[in-house]
Amino acid sequence: MATHHDVIVIGAGFGGMYALKKFRDDLGLSVRVFDKAGGVGGTWYWNRYPGALSDTESFVYCYSCDRDLLQEWDFDTRYLNQPQILRYLEHVADRWKLRPDIQLNTGIAAAHFNEADSLWHVQTDNGERHTAKYLVTALGLLSATNLPDIKGIETFQGDLVHTGAWPDDLELAGKRVGVVGTGSTGTQVITAIAPEVDRLTVFQRSAQYTVPVGNGPVSKEYVAQVKKEYDAIWAQVRESAVAFGFEESDVPYASVSPETRQAIFERAWQKGGGFRFMFETFADIATDEEANKGAQDFIKAKIAQIVKDPETARKLTPRDFYAKRPLCDSGYYATFNRDNVELVDVKENPIAEITAKGVRTSDGVEHELDTLIFATGFDAVDGNYKRFDLRGRDGLAMKDYWRDGPSSYLGVTVANFPNLFMVLGPNGPFTNLPPSIEAQVEWFTDLVKHAEDTGLSTVEATADAEQQWTDTCQAIANATLFPKAQSWIFGANIPGKKNTVYFYLAGLGAYRKVLSDCQDASYKGFQFA
(Lines give C-alpha, C1' and ligand atoms only; values in the text may rest on other atoms or scores of the structure.)
Protein backbone atom coordinates (compact mmCIF):
# COMPACT_ATOMS: atom_id res chain seq x y z
CA MET A 1 0.00 0.00 0.00
CA ALA A 2 1.48 3.33 -1.08
CA THR A 3 1.51 6.40 1.16
CA HIS A 4 0.10 9.46 -0.60
CA HIS A 5 1.41 13.02 -0.45
CA ASP A 6 0.54 16.10 -2.46
CA VAL A 7 4.23 16.71 -3.21
CA ILE A 8 7.33 14.55 -3.05
CA VAL A 9 10.68 16.37 -3.03
CA ILE A 10 13.96 14.56 -3.70
CA GLY A 11 16.87 16.28 -1.97
CA ALA A 12 17.27 18.24 1.28
CA GLY A 13 19.75 20.93 0.28
CA PHE A 14 19.11 24.61 -0.44
CA GLY A 15 16.54 23.77 -3.11
CA GLY A 16 14.67 20.91 -1.48
CA MET A 17 14.28 22.65 1.86
CA TYR A 18 12.92 25.81 0.24
CA ALA A 19 10.50 23.78 -1.90
CA LEU A 20 9.22 22.07 1.26
CA LYS A 21 8.68 25.41 2.99
CA LYS A 22 6.86 26.99 0.03
CA PHE A 23 4.54 24.08 -0.77
CA ARG A 24 3.74 23.26 2.84
CA ASP A 25 3.56 26.70 4.43
CA ASP A 26 2.27 28.84 1.53
CA LEU A 27 0.00 26.37 -0.25
CA GLY A 28 -0.94 24.10 2.65
CA LEU A 29 0.01 20.95 0.75
CA SER A 30 1.31 17.75 2.30
CA VAL A 31 4.99 17.32 1.43
CA ARG A 32 7.53 14.56 1.96
CA VAL A 33 11.24 15.14 1.34
CA PHE A 34 13.61 12.22 0.79
CA ASP A 35 17.40 12.36 0.94
CA LYS A 36 19.93 9.54 0.92
CA ALA A 37 22.20 11.51 3.25
CA GLY A 38 22.21 11.23 7.01
CA GLY A 39 21.47 14.93 7.42
CA VAL A 40 20.22 18.00 5.62
CA GLY A 41 22.54 20.18 3.54
CA GLY A 42 22.73 18.50 0.14
CA THR A 43 26.07 19.29 -1.50
CA TRP A 44 27.35 20.73 1.76
CA TYR A 45 26.57 17.53 3.65
CA TRP A 46 28.74 15.43 1.33
CA ASN A 47 31.62 17.75 0.42
CA ARG A 48 33.60 17.67 3.68
CA TYR A 49 37.06 17.64 2.12
CA PRO A 50 39.77 19.90 3.62
CA GLY A 51 39.53 23.44 2.25
CA ALA A 52 35.90 23.17 1.08
CA LEU A 53 34.72 26.76 0.65
CA SER A 54 31.96 28.58 -1.19
CA ASP A 55 33.28 31.10 -3.69
CA THR A 56 30.21 33.30 -3.15
CA GLU A 57 30.64 35.92 -0.46
CA SER A 58 28.94 35.17 2.86
CA PHE A 59 26.38 37.95 2.75
CA VAL A 60 24.65 36.56 -0.36
CA TYR A 61 25.26 32.82 0.07
CA CYS A 62 22.02 32.36 1.95
CA TYR A 63 18.25 32.57 1.62
CA SER A 64 16.85 36.06 1.10
CA CYS A 65 13.21 35.10 1.81
CA ASP A 66 13.46 35.15 5.61
CA ARG A 67 14.03 38.80 6.52
CA ASP A 68 14.33 38.11 10.24
CA LEU A 69 16.91 35.40 9.64
CA LEU A 70 18.98 37.82 7.55
CA GLN A 71 19.11 40.15 10.53
CA GLU A 72 19.72 37.46 13.14
CA TRP A 73 22.28 35.23 11.45
CA ASP A 74 25.87 36.42 11.90
CA PHE A 75 28.94 35.67 9.84
CA ASP A 76 32.52 36.64 10.61
CA THR A 77 34.44 35.75 7.45
CA ARG A 78 34.19 37.03 3.90
CA TYR A 79 33.55 33.53 2.57
CA LEU A 80 31.97 30.50 4.22
CA ASN A 81 33.60 27.11 4.60
CA GLN A 82 31.72 23.83 4.55
CA PRO A 83 31.11 23.54 8.32
CA GLN A 84 29.75 27.10 8.43
CA ILE A 85 27.35 26.48 5.52
CA LEU A 86 26.17 23.16 6.91
CA ARG A 87 25.56 24.76 10.31
CA TYR A 88 23.48 27.48 8.61
CA LEU A 89 21.36 24.95 6.70
CA GLU A 90 20.83 22.85 9.83
CA HIS A 91 19.68 26.00 11.62
CA VAL A 92 17.26 26.78 8.77
CA ALA A 93 15.81 23.26 8.97
CA ASP A 94 15.12 23.81 12.66
CA ARG A 95 13.92 27.39 12.31
CA TRP A 96 11.40 26.52 9.59
CA LYS A 97 10.42 23.28 11.41
CA LEU A 98 11.22 21.22 8.33
CA ARG A 99 12.65 18.08 9.92
CA PRO A 100 9.33 16.26 10.58
CA ASP A 101 8.69 16.25 6.82
CA ILE A 102 12.21 15.13 5.81
CA GLN A 103 13.08 11.43 5.63
CA LEU A 104 16.85 10.94 5.69
CA ASN A 105 18.97 7.90 4.86
CA THR A 106 16.47 7.16 2.09
CA GLY A 107 17.38 7.20 -1.57
CA ILE A 108 14.92 7.08 -4.46
CA ALA A 109 15.12 3.99 -6.64
CA ALA A 110 12.30 4.81 -9.07
CA ALA A 111 9.75 7.51 -9.87
CA HIS A 112 7.19 6.73 -12.58
CA PHE A 113 4.36 8.93 -13.81
CA ASN A 114 1.17 6.86 -13.98
CA GLU A 115 -1.22 8.14 -16.65
CA ALA A 116 -4.16 6.16 -15.24
CA ASP A 117 -4.29 8.23 -12.04
CA SER A 118 -2.05 11.20 -13.04
CA LEU A 119 0.17 10.54 -10.04
CA TRP A 120 3.86 9.99 -9.53
CA HIS A 121 4.56 6.52 -8.12
CA VAL A 122 7.80 6.58 -6.16
CA GLN A 123 9.79 3.72 -4.67
CA THR A 124 12.58 4.24 -2.16
CA ASP A 125 15.75 2.20 -1.96
CA ASN A 126 14.38 0.45 1.13
CA GLY A 127 11.24 -0.69 -0.67
CA GLU A 128 8.75 1.91 0.56
CA ARG A 129 6.09 2.98 -1.94
CA HIS A 130 4.70 6.51 -2.15
CA THR A 131 2.51 8.49 -4.52
CA ALA A 132 2.22 12.22 -5.13
CA LYS A 133 0.56 14.57 -7.56
CA TYR A 134 3.72 16.63 -7.91
CA LEU A 135 7.36 15.57 -7.97
CA VAL A 136 10.17 18.06 -7.28
CA THR A 137 13.75 17.05 -8.04
CA ALA A 138 16.24 19.10 -6.03
CA LEU A 139 19.15 16.83 -6.87
CA GLY A 140 21.94 19.41 -6.98
CA LEU A 141 23.98 20.65 -9.92
CA LEU A 142 27.19 19.16 -8.58
CA SER A 143 26.41 16.01 -6.65
CA ALA A 144 26.72 13.00 -8.98
CA THR A 145 30.37 12.14 -8.34
CA ASN A 146 32.58 11.39 -11.32
CA LEU A 147 35.20 8.68 -10.76
CA PRO A 148 37.21 8.24 -13.97
CA ASP A 149 37.63 4.81 -15.51
CA ILE A 150 41.38 4.25 -15.13
CA LYS A 151 43.04 0.90 -15.60
CA GLY A 152 43.81 -0.79 -12.28
CA ILE A 153 41.80 1.57 -10.10
CA GLU A 154 40.35 -1.35 -8.17
CA THR A 155 43.83 -2.70 -7.31
CA PHE A 156 45.02 0.27 -5.23
CA GLN A 157 45.71 -0.91 -1.68
CA GLY A 158 45.76 2.48 0.03
CA ASP A 159 42.85 4.82 0.79
CA LEU A 160 41.00 5.88 -2.37
CA VAL A 161 38.45 8.68 -1.97
CA HIS A 162 36.42 11.14 -4.02
CA THR A 163 36.17 14.64 -2.61
CA GLY A 164 32.38 14.51 -2.99
CA ALA A 165 32.14 11.56 -0.56
CA TRP A 166 34.79 12.42 2.01
CA PRO A 167 35.12 10.02 4.97
CA ASP A 168 35.21 11.64 8.40
CA ASP A 169 38.00 9.40 9.66
CA LEU A 170 40.53 9.91 6.85
CA GLU A 171 43.97 10.81 8.22
CA LEU A 172 46.42 12.54 5.88
CA ALA A 173 49.11 13.84 8.22
CA GLY A 174 52.49 12.39 7.33
CA LYS A 175 51.09 10.40 4.38
CA ARG A 176 52.14 10.22 0.73
CA VAL A 177 49.09 11.62 -1.03
CA GLY A 178 48.12 11.95 -4.68
CA VAL A 179 45.39 14.24 -5.99
CA VAL A 180 43.89 13.77 -9.45
CA GLY A 181 42.18 16.92 -10.73
CA THR A 182 42.82 20.64 -10.38
CA GLY A 183 39.42 22.28 -10.80
CA SER A 184 37.65 24.28 -8.12
CA THR A 185 37.66 21.39 -5.64
CA GLY A 186 41.18 20.27 -6.56
CA THR A 187 42.71 23.70 -6.01
CA GLN A 188 41.03 23.91 -2.60
CA VAL A 189 42.04 20.49 -1.32
CA ILE A 190 45.60 20.70 -2.70
CA THR A 191 46.19 24.05 -1.00
CA ALA A 192 44.67 22.85 2.27
CA ILE A 193 46.50 19.53 2.68
CA ALA A 194 49.97 20.41 1.35
CA PRO A 195 51.27 21.65 4.74
CA GLU A 196 50.27 18.48 6.60
CA VAL A 197 51.12 15.60 4.25
CA ASP A 198 54.57 14.10 3.88
CA ARG A 199 54.48 14.14 0.10
CA LEU A 200 51.85 15.52 -2.28
CA THR A 201 51.76 14.52 -5.95
CA VAL A 202 49.32 16.52 -8.05
CA PHE A 203 48.13 14.89 -11.27
CA GLN A 204 46.99 17.89 -13.31
CA ARG A 205 44.53 17.21 -16.12
CA SER A 206 44.05 20.86 -17.13
CA ALA A 207 46.06 23.91 -16.14
CA GLN A 208 43.77 26.46 -14.50
CA TYR A 209 43.33 30.20 -14.41
CA THR A 210 42.70 30.99 -10.75
CA VAL A 211 42.91 34.15 -8.69
CA PRO A 212 43.11 34.71 -4.91
CA VAL A 213 39.85 34.23 -3.05
CA GLY A 214 40.60 37.02 -0.60
CA ASN A 215 39.03 35.28 2.36
CA GLY A 216 39.50 36.58 5.87
CA PRO A 217 37.68 37.98 8.88
CA VAL A 218 35.11 40.75 8.55
CA SER A 219 34.32 43.30 11.23
CA LYS A 220 31.10 43.56 13.21
CA GLU A 221 30.68 47.00 11.66
CA TYR A 222 30.84 45.48 8.17
CA VAL A 223 28.20 42.87 9.07
CA ALA A 224 25.97 45.54 10.60
CA GLN A 225 26.22 47.66 7.44
CA VAL A 226 25.33 44.67 5.26
CA LYS A 227 22.26 43.96 7.38
CA LYS A 228 21.21 47.60 7.19
CA GLU A 229 21.44 47.52 3.37
CA TYR A 230 19.95 44.09 2.73
CA ASP A 231 16.87 45.37 0.88
CA ALA A 232 19.05 47.18 -1.65
CA ILE A 233 21.56 44.31 -1.81
CA TRP A 234 18.95 41.71 -2.71
CA ALA A 235 17.22 44.04 -5.18
CA GLN A 236 20.56 44.43 -6.96
CA VAL A 237 21.28 40.68 -6.83
CA ARG A 238 17.95 39.78 -8.40
CA GLU A 239 18.47 42.14 -11.33
CA SER A 240 22.16 41.37 -11.85
CA ALA A 241 23.83 38.83 -14.11
CA VAL A 242 25.84 36.54 -11.84
CA ALA A 243 24.02 37.42 -8.58
CA PHE A 244 27.21 37.60 -6.52
CA GLY A 245 26.42 40.84 -4.72
CA PHE A 246 28.52 43.24 -6.78
CA GLU A 247 27.85 45.50 -9.76
CA GLU A 248 29.10 43.91 -12.96
CA SER A 249 31.37 46.17 -14.98
CA ASP A 250 30.04 48.12 -17.97
CA VAL A 251 33.56 49.18 -19.07
CA PRO A 252 34.83 47.63 -22.34
CA TYR A 253 38.41 46.42 -22.13
CA ALA A 254 39.48 48.35 -25.22
CA SER A 255 38.08 51.64 -23.90
CA VAL A 256 40.89 52.24 -21.40
CA SER A 257 44.67 52.47 -21.60
CA PRO A 258 47.00 49.51 -21.02
CA GLU A 259 48.10 51.07 -17.73
CA THR A 260 44.51 51.41 -16.55
CA ARG A 261 43.78 47.80 -17.53
CA GLN A 262 46.69 46.56 -15.45
CA ALA A 263 45.62 48.68 -12.50
CA ILE A 264 42.04 47.36 -12.67
CA PHE A 265 43.23 43.76 -12.86
CA GLU A 266 45.67 44.29 -10.00
CA ARG A 267 42.96 45.76 -7.76
CA ALA A 268 40.74 42.76 -8.51
CA TRP A 269 43.62 40.37 -7.81
CA GLN A 270 44.30 42.01 -4.46
CA LYS A 271 40.59 42.14 -3.50
CA GLY A 272 40.01 38.52 -4.49
CA GLY A 273 37.13 36.53 -5.93
CA GLY A 274 36.92 34.58 -9.18
CA PHE A 275 33.61 35.99 -10.36
CA ARG A 276 34.69 39.50 -9.37
CA PHE A 277 37.85 39.13 -11.47
CA MET A 278 35.94 38.01 -14.55
CA PHE A 279 32.84 40.21 -14.29
CA GLU A 280 33.65 43.22 -12.09
CA THR A 281 36.77 44.30 -14.00
CA PHE A 282 35.56 44.63 -17.60
CA ALA A 283 32.26 44.08 -19.37
CA ASP A 284 33.57 41.86 -22.16
CA ILE A 285 36.05 39.33 -20.78
CA ALA A 286 33.53 36.53 -21.39
CA THR A 287 32.63 37.72 -24.91
CA ASP A 288 35.62 39.47 -26.53
CA GLU A 289 38.83 37.63 -27.40
CA GLU A 290 41.05 40.68 -26.92
CA ALA A 291 39.63 41.35 -23.46
CA ASN A 292 39.87 37.66 -22.60
CA LYS A 293 43.50 37.57 -23.68
CA GLY A 294 44.20 40.56 -21.45
CA ALA A 295 42.86 38.65 -18.45
CA GLN A 296 44.77 35.53 -19.51
CA ASP A 297 48.06 37.40 -19.82
CA PHE A 298 47.64 39.05 -16.42
CA ILE A 299 47.11 35.71 -14.66
CA LYS A 300 49.91 34.05 -16.63
CA ALA A 301 52.29 36.80 -15.52
CA LYS A 302 51.25 36.16 -11.92
CA ILE A 303 52.02 32.44 -12.31
CA ALA A 304 55.49 33.24 -13.64
CA GLN A 305 56.03 35.68 -10.78
CA ILE A 306 54.79 33.35 -8.00
CA VAL A 307 56.10 29.92 -9.04
CA LYS A 308 59.86 29.69 -8.55
CA ASP A 309 60.63 26.68 -10.76
CA PRO A 310 60.26 27.67 -14.44
CA GLU A 311 59.28 24.17 -15.57
CA THR A 312 56.56 23.91 -12.92
CA ALA A 313 55.35 27.39 -13.88
CA ARG A 314 55.20 26.28 -17.52
CA LYS A 315 53.07 23.26 -16.64
CA LEU A 316 50.75 25.40 -14.50
CA THR A 317 50.22 27.95 -17.27
CA PRO A 318 46.92 27.43 -19.18
CA ARG A 319 46.88 27.59 -22.95
CA ASP A 320 43.17 27.93 -23.64
CA PHE A 321 40.63 30.71 -23.16
CA TYR A 322 39.84 32.09 -19.72
CA ALA A 323 36.29 30.83 -20.18
CA LYS A 324 35.46 28.22 -17.59
CA ARG A 325 33.79 28.66 -14.25
CA PRO A 326 36.07 31.35 -12.77
CA LEU A 327 38.18 29.89 -9.97
CA CYS A 328 39.65 31.44 -6.84
CA ASP A 329 42.04 29.97 -4.31
CA SER A 330 43.86 30.36 -1.01
CA GLY A 331 47.42 30.19 -2.34
CA TYR A 332 47.25 27.54 -5.04
CA TYR A 333 50.17 28.56 -7.26
CA ALA A 334 52.48 29.22 -4.28
CA THR A 335 51.77 25.70 -3.01
CA PHE A 336 53.99 24.36 -5.80
CA ASN A 337 56.99 26.14 -4.28
CA ARG A 338 56.87 23.68 -1.38
CA ASP A 339 59.58 21.00 -1.33
CA ASN A 340 57.00 18.29 -0.61
CA VAL A 341 54.76 19.06 -3.63
CA GLU A 342 55.29 17.63 -7.11
CA LEU A 343 53.27 18.46 -10.24
CA VAL A 344 52.63 15.83 -12.92
CA ASP A 345 50.99 17.12 -16.10
CA VAL A 346 48.95 14.15 -17.31
CA LYS A 347 48.33 15.72 -20.70
CA GLU A 348 52.08 15.50 -21.35
CA ASN A 349 52.64 12.41 -19.22
CA PRO A 350 49.35 10.48 -18.98
CA ILE A 351 48.36 8.09 -16.21
CA ALA A 352 49.02 4.63 -17.62
CA GLU A 353 47.47 2.71 -14.74
CA ILE A 354 46.79 2.68 -11.04
CA THR A 355 48.76 0.01 -9.24
CA ALA A 356 48.54 -1.54 -5.80
CA LYS A 357 51.17 0.93 -4.61
CA GLY A 358 50.16 4.11 -6.44
CA VAL A 359 49.99 5.66 -9.90
CA ARG A 360 52.17 4.70 -12.85
CA THR A 361 52.54 7.36 -15.53
CA SER A 362 53.41 6.72 -19.18
CA ASP A 363 57.08 7.55 -18.58
CA GLY A 364 57.27 4.38 -16.47
CA VAL A 365 57.51 6.13 -13.11
CA GLU A 366 55.44 4.61 -10.31
CA HIS A 367 54.38 7.31 -7.86
CA GLU A 368 53.98 5.43 -4.58
CA LEU A 369 51.06 6.66 -2.48
CA ASP A 370 49.28 5.93 0.77
CA THR A 371 46.16 7.87 -0.23
CA LEU A 372 44.73 8.70 -3.67
CA ILE A 373 42.20 11.53 -3.85
CA PHE A 374 40.01 12.05 -6.88
CA ALA A 375 39.03 15.71 -7.22
CA THR A 376 37.52 14.85 -10.58
CA GLY A 377 34.25 16.67 -10.17
CA PHE A 378 30.78 15.60 -11.07
CA ASP A 379 28.54 14.42 -13.85
CA ALA A 380 27.04 17.88 -13.60
CA VAL A 381 23.44 19.03 -14.06
CA ASP A 382 21.86 15.84 -15.40
CA GLY A 383 24.07 13.19 -13.79
CA ASN A 384 21.78 12.37 -10.89
CA TYR A 385 18.74 12.16 -13.19
CA LYS A 386 20.36 9.19 -14.95
CA ARG A 387 21.19 7.38 -11.72
CA PHE A 388 17.67 6.38 -10.78
CA ASP A 389 14.69 5.08 -12.73
CA LEU A 390 12.81 8.26 -13.67
CA ARG A 391 10.02 7.75 -16.22
CA GLY A 392 7.36 10.02 -17.71
CA ARG A 393 4.54 9.38 -20.16
CA ASP A 394 4.43 6.01 -21.91
CA GLY A 395 7.24 4.78 -19.68
CA LEU A 396 9.73 7.17 -21.28
CA ALA A 397 12.98 7.01 -19.28
CA MET A 398 14.69 10.32 -18.65
CA LYS A 399 18.08 8.80 -19.45
CA ASP A 400 16.74 7.88 -22.90
CA TYR A 401 14.99 11.21 -23.43
CA TRP A 402 18.23 13.02 -22.61
CA ARG A 403 20.49 10.63 -24.51
CA ASP A 404 21.68 13.39 -26.86
CA GLY A 405 22.00 15.95 -24.08
CA PRO A 406 19.68 17.26 -21.38
CA SER A 407 16.98 19.78 -22.15
CA SER A 408 14.21 21.58 -20.31
CA TYR A 409 11.73 24.38 -20.53
CA LEU A 410 13.00 27.32 -18.48
CA GLY A 411 15.32 25.06 -16.51
CA VAL A 412 12.43 23.79 -14.37
CA THR A 413 10.34 21.29 -16.32
CA VAL A 414 10.44 18.79 -19.18
CA ALA A 415 8.01 17.76 -21.91
CA ASN A 416 6.57 14.26 -21.42
CA PHE A 417 7.10 14.49 -17.65
CA PRO A 418 3.90 16.06 -16.25
CA ASN A 419 3.85 17.68 -12.81
CA LEU A 420 7.64 17.36 -12.53
CA PHE A 421 9.52 20.44 -11.40
CA MET A 422 13.31 20.62 -11.26
CA VAL A 423 15.39 22.88 -9.08
CA LEU A 424 18.47 23.87 -11.11
CA GLY A 425 17.55 21.65 -14.01
CA PRO A 426 19.42 21.83 -17.33
CA ASN A 427 19.58 25.27 -18.92
CA GLY A 428 18.84 27.13 -15.75
CA PRO A 429 20.82 30.27 -14.88
CA PHE A 430 24.61 30.23 -14.37
CA THR A 431 24.83 32.28 -11.16
CA ASN A 432 25.26 32.31 -7.43
CA LEU A 433 22.79 29.53 -6.72
CA PRO A 434 20.60 30.46 -3.72
CA PRO A 435 18.97 33.46 -5.50
CA SER A 436 18.32 31.31 -8.58
CA ILE A 437 16.88 28.54 -6.42
CA GLU A 438 14.51 31.01 -4.80
CA ALA A 439 13.43 32.38 -8.18
CA GLN A 440 12.67 28.91 -9.54
CA VAL A 441 10.92 27.53 -6.47
CA GLU A 442 8.78 30.63 -6.03
CA TRP A 443 7.81 30.53 -9.70
CA PHE A 444 6.78 26.88 -9.88
CA THR A 445 5.02 27.16 -6.53
CA ASP A 446 2.87 29.87 -8.14
CA LEU A 447 2.28 27.57 -11.12
CA VAL A 448 1.12 24.74 -8.83
CA LYS A 449 -1.14 27.18 -6.98
CA HIS A 450 -2.67 28.11 -10.34
CA ALA A 451 -3.17 24.41 -11.13
CA GLU A 452 -4.75 23.72 -7.75
CA ASP A 453 -6.99 26.79 -7.84
CA THR A 454 -8.32 25.92 -11.32
CA GLY A 455 -8.71 22.18 -10.76
CA LEU A 456 -6.03 21.03 -13.19
CA SER A 457 -4.74 17.48 -13.00
CA THR A 458 -1.50 17.94 -14.97
CA VAL A 459 0.88 20.74 -15.92
CA GLU A 460 3.34 19.95 -18.67
CA ALA A 461 5.74 21.82 -20.95
CA THR A 462 5.23 21.46 -24.67
CA ALA A 463 7.96 19.96 -26.81
CA ASP A 464 8.05 23.10 -28.95
CA ALA A 465 8.57 25.36 -25.94
CA GLU A 466 11.35 23.10 -24.68
CA GLN A 467 13.11 23.17 -28.05
CA GLN A 468 12.80 26.94 -28.30
CA TRP A 469 14.32 27.33 -24.83
CA THR A 470 17.19 25.03 -25.75
CA ASP A 471 17.81 27.05 -28.92
CA THR A 472 17.73 30.28 -26.92
CA CYS A 473 20.27 28.98 -24.41
CA GLN A 474 22.52 27.74 -27.20
CA ALA A 475 22.39 31.07 -29.03
CA ILE A 476 23.29 32.96 -25.86
CA ALA A 477 26.16 30.57 -25.12
CA ASN A 478 27.47 30.94 -28.66
CA ALA A 479 27.69 34.71 -28.14
CA THR A 480 30.26 34.06 -25.38
CA LEU A 481 33.69 32.43 -25.30
CA PHE A 482 32.61 29.70 -22.88
CA PRO A 483 31.93 27.04 -25.54
CA LYS A 484 35.51 27.45 -26.78
CA ALA A 485 36.97 26.02 -23.56
CA GLN A 486 36.73 22.37 -22.53
CA SER A 487 34.63 22.56 -19.38
CA TRP A 488 32.07 20.73 -17.23
CA ILE A 489 29.77 23.67 -17.99
CA PHE A 490 29.20 21.94 -21.35
CA GLY A 491 29.70 18.35 -20.20
CA ALA A 492 33.28 18.03 -21.47
CA ASN A 493 34.61 16.45 -18.25
CA ILE A 494 32.71 13.17 -18.76
CA PRO A 495 34.02 10.83 -21.49
CA GLY A 496 31.30 10.13 -24.04
CA LYS A 497 29.01 12.87 -22.75
CA LYS A 498 27.73 15.14 -25.50
CA ASN A 499 29.27 18.60 -25.46
CA THR A 500 26.17 20.77 -25.45
CA VAL A 501 24.60 23.70 -23.67
CA TYR A 502 23.73 23.15 -19.98
CA PHE A 503 23.09 26.71 -18.76
CA TYR A 504 21.25 29.93 -19.52
CA LEU A 505 24.12 32.41 -19.60
CA ALA A 506 22.22 35.73 -19.85
CA GLY A 507 22.08 36.20 -16.09
CA LEU A 508 19.60 36.10 -13.24
CA GLY A 509 17.88 39.41 -13.99
CA ALA A 510 17.12 38.37 -17.55
CA TYR A 511 16.05 34.91 -16.39
CA ARG A 512 13.63 36.28 -13.81
CA LYS A 513 12.07 38.43 -16.55
CA VAL A 514 11.61 35.34 -18.74
CA LEU A 515 9.82 33.59 -15.87
CA SER A 516 7.64 36.63 -15.21
CA ASP A 517 6.74 37.03 -18.89
CA CYS A 518 5.76 33.36 -19.09
CA GLN A 519 3.50 33.72 -16.07
CA ASP A 520 1.96 36.95 -17.39
CA ALA A 521 1.18 35.20 -20.68
CA SER A 522 -0.95 32.61 -18.85
CA TYR A 523 2.00 30.23 -18.66
CA LYS A 524 2.85 30.22 -22.33
CA GLY A 525 4.62 27.03 -23.33
CA PHE A 526 2.61 24.80 -21.02
CA GLN A 527 -0.29 22.48 -21.70
CA PHE A 528 -2.85 21.72 -19.01
CA ALA A 529 -5.30 18.88 -18.45
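E452 counts as partly exposed, with a relative accessibility of 34%; on this scale, buried means under 20% relative accessible area, exposed over 50%, and partly exposed in between, using a 1.4 Å probe and protein chains only. The model is a predicted one, where local features need pLDDT of at least 70 and side-chain atom pairs count only at pLDDT 80 or more, while totals for chains, interfaces and linings use all residues. Residues are numbered from 1 along each chain as its sequence is written, and side-chain values use heavy atoms, with hydrogens and water left out.

E452 sits in helix α14. Helices (H or I, at least four residues) and strands (E, at least two) are DSSP runs, numbered from the N terminus. Setting aside residues up to four places away in sequence, E452 touches L29, K133 and Y134, where contact means heavy atoms within 4.5 Å. Along the chain, E452 and L27 are 425 residues apart, yet their C-alpha atoms are separated by 9.3 Å.

Helix α14 also packs against helix α1 (residues 14-26), at an angle of about 35° and with the axes 10 Å apart. Axes here are lines fitted to C-alpha atoms, for helices over the stretch in contact, and angles run from 0 to 180 degrees between N-to-C directions. The α1 and α14 crossing is right-handed; a crossing gets that name if the near helix is turned clockwise from the far one by less than a right angle, and left-handed if anticlockwise. On the α1 side, the contact is made by F14, G15, Y18, A19, K22 and F23, and these face P434, I437, E438, V441, E442, F444, T445 and V448 of α14. Sorted by class, the residues of this contact come out as nine nonpolar, two polar and three charged. For that sorting, Ala, Val, Leu, Ile, Met, Phe, Trp, Tyr, Cys and Pro count as nonpolar, Asp, Glu, Lys and Arg as charged, and the others, Gly among them, as polar.

Then there is the inside of the model. A nonpolar core is a set of buried Ala, Val, Leu, Ile, Met, Phe, Trp, Tyr and Cys residues joined through side-chain atoms within 4.5 Å. The largest such core has 132 residues, and L200 and W443 have the most contacts inside it. Helix α14 (residues 433-453) turns up again here, giving the most to this core with eight residues. A second, separate core has 20 residues, including I8, A111, F113 and W402. As for L200, its contacts, leaving aside neighbours within four places in sequence, are V177, V179, I190, I193, A194, N340, V341 and E342.

Another helix pair is α8 (residues 258-271) and α10 (residues 289-306), whose axes come within 11 Å and cross at roughly 60°. That makes α8 oblique to α10, since angles under 35 degrees count as roughly parallel, over 145 as roughly antiparallel, 65 to 115 as roughly perpendicular and the rest as oblique. The crossing of α8 with α10 is right-handed. From α8, R261, Q262, F265, E266 and W269 meet E290, G294, A295, F298, I299, K302 and I306 in α10. This contact holds six nonpolar, two polar and four charged residues.

Some loop residues deserve a look too. N427, in the loop between β20 (420-422) and β21 (428-429), has a positive phi of about 65° although it is not a glycine. N427 is buried, with a relative accessible area of 0%. Y523 likewise isn't a glycine and has a positive phi, near 60°; its place is in the loop between α16 (508-520) and β24 (526-528), and it is buried at 6% relative accessible area. T431, in the loop between β21 and α14, counts as buried at 9% relative accessibility. Not counting residues up to four places away in sequence, T431 touches A241, V242, A243, F244, S436 and L508.
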